[in-house]
Amino acid sequence: MSIVENSSGDESDDEREKKEILQRMECFNRLFVIASSSVQLYYEKYILKQPCMDSKQSGETWIREILDGHESRCMINFRMSKIVFTSLLRVLETRYNLQTARNISSSEMLGIFLYILGTGAKVSQCRERFQRSGSTISQYFAIVLEKVSRMAIDLIAPEDPFFSSIPEQIRNDSRYMPHFKDCIGAIDGTHIAAILPPNEQIPYIGRKGIPTQNVMAVCDFNMCFTFVMAGWEGSAHDTRIFLDAIRDPKYKFPHPPNGKYYLVDSGYPQMKGYLGPCRDQRYHLPDFRRGRPVSGKEEIFNHSHSSLRSVIERTFGVLKKKWAILRDMPSYSFEKQTMIVVATMTIHNFIRKHVGRNDADFMEYEDINRAYENIVDSENAHGRESDDDDDDDDDGDDDGESNNSSGFEMELIRDAIASSLMNSL
């Protein structure tokens, strides 16, 4: 009996051992299959991979084709003429150290930058257009943005820092000369949509109902920006931004010399060097077009003041028409969004100073009547949103620039100009 039992036990041990061997072999086979698959995937992805950017037309080839092709193609894609593109590239290379990298030329870097600003293209679109990776597109966009930001210091400034001569646009126009011979430019603000995380949006939501940055700018009568203060919250009042700009030396605001002045709308303080309109009278040009004829010296003054000050609204109009990125800002950091606004103004000035009145976008806004038909975005008439009675930040000028003293001086200048305009009719 015991012998049979031992024999059965031996057989059971043999079967268990065979099962264990089979299980181990099966486990080994599974591991082998998994390992083989992993090796195959690695080989196909990293060794035998097929590039996704496989177009025969590289970004460099496309840039060269644009610069060798019809003028309109450069305007459509880079928002400037071929000669301006070449000049801008040369200035960035020689003065601001934009350099060709190992696998990308400086001309392609600039092309990527201008293509994004001018067309509002997203990184995914630029990947296909330039046959570059998304990281490469972002890297060189940031590099050119830094160079143009440095150029802004030199380019966004008055041509004549002493304002020693009468602007040509006033000197050669009997509507303004000699009445506004001491005027040196115009000031206004505009809103640019801002992309922010939901928990940071509230301070940036103003009258527009969406997050924006409030940008104050000064321009001359050649439609060039001479000062910019970007990055303020959309809820900030124009007066608060203005006073900060003129009072803090770090911003290097181009203050008007004694006897000179900027044109401002009624949303700004009435202070020495800043001439606003007559209050409680019609002011904006569309109001005059829709209503009765101009009458009385105060309305005559306001009409001329509004007509001359429209240069800042028309300059904003050119800026927003030319650079699509300002109408649909990507979700960059807010600091980068602010840099982009300043960069577009810098290139705006570069174009204006290099081709004068031969740029199609500037030509469209040269004429006041045509310009107002084209300024569809009410943002370009931002002065109408200003309310000089509801600003808590404009409740006193501790440095002596109060409405009682310097404001009275500007009233005298306004009255003298109004009388001069009246007598010239």
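Helix α5 (residues 106–119) packs against helix α7 (residues 134–155) at an angle of about 90°, and their axes lie 9 Å apart. Axes here are lines fitted to C-alpha atoms, for helices over the stretch in contact, with angles running from 0 to 180 degrees between N-to-C directions. This is a predicted model, in which local features need pLDDT of at least 70 and side-chain atom pairs count only at pLDDT 80 or more, while totals for chains, interfaces and linings use all residues. Residues are numbered from 1 along each chain as its sequence is written, and side-chain values use heavy atoms, with hydrogens and water left out. Helices (H or I, at least four residues) and strands (E, at least two) are DSSP runs, numbered from the N terminus.

**How α5 meets α7**

- The two helices α5 and α7 are roughly perpendicular to each other, a label for angles of 65 to 115 degrees; under 35 counts as roughly parallel, over 145 as roughly antiparallel and the rest as oblique.
- On the α5 side, the contact is made by Met109, Leu110, Ile112, Phe113, Ile116 and Leu117, where contact means heavy atoms within 4.5 Å.
- Their partners in α7 are Ile137, Tyr140, Phe141, Val144, Leu145 and Val148.
- By class, the contact of α5 with α7 has 12 nonpolar residues, no polar and no charged ones; Ala, Val, Leu, Ile, Met, Phe, Trp, Tyr, Cys and Pro count as nonpolar, Asp, Glu, Lys and Arg as charged, and the others, Gly among them, as polar.

**Helix α3 and its neighbours**

- Helix α3 (residues 71–78) has Cys74, Met75, Asn77 and Phe78 as its buried residues; buried means under 20% relative accessible area, exposed over 50% and partly exposed in between (1.4 Å probe, protein chains only).
- These buried residues of α3 pack against α2 (59–68), α4 (82–95), α5, α11 (297–322) and α13 (360–366).

**Backbone geometry to check**

- Most residues other than glycine have a negative phi, and most peptide bonds are trans.
- Met177 and Pro178 are joined by a cis peptide bond with omega of about 10°, and Pro178 is in the loop between α8 (168–171) and β1 (183–193).

**Cysteines**

- The count of disulfides is 0, a disulfide being a pair of cysteine sulfur atoms within 2.5 Å.
- For Cys183, the closest cysteine sulfur is in Cys219, 9.6 Å away, which is too far for a bond.
- Cys183 is buried at 1% relative accessible area, and Cys126 is buried at 0%.

**Two serines**

- Ser55 is in the loop between α1 (2–47) and α2 and is partly exposed at 37% relative accessibility.
- Ser55 and Glu128 are 73 residues apart in sequence, with 8.6 Å from C-alpha to C-alpha.
- Ser307, in helix α11, is buried at 8% relative accessibility.
- Leaving aside residues up to four places away in sequence, Ser307 touches Arg175, Tyr176, Leu285 and Ile368.
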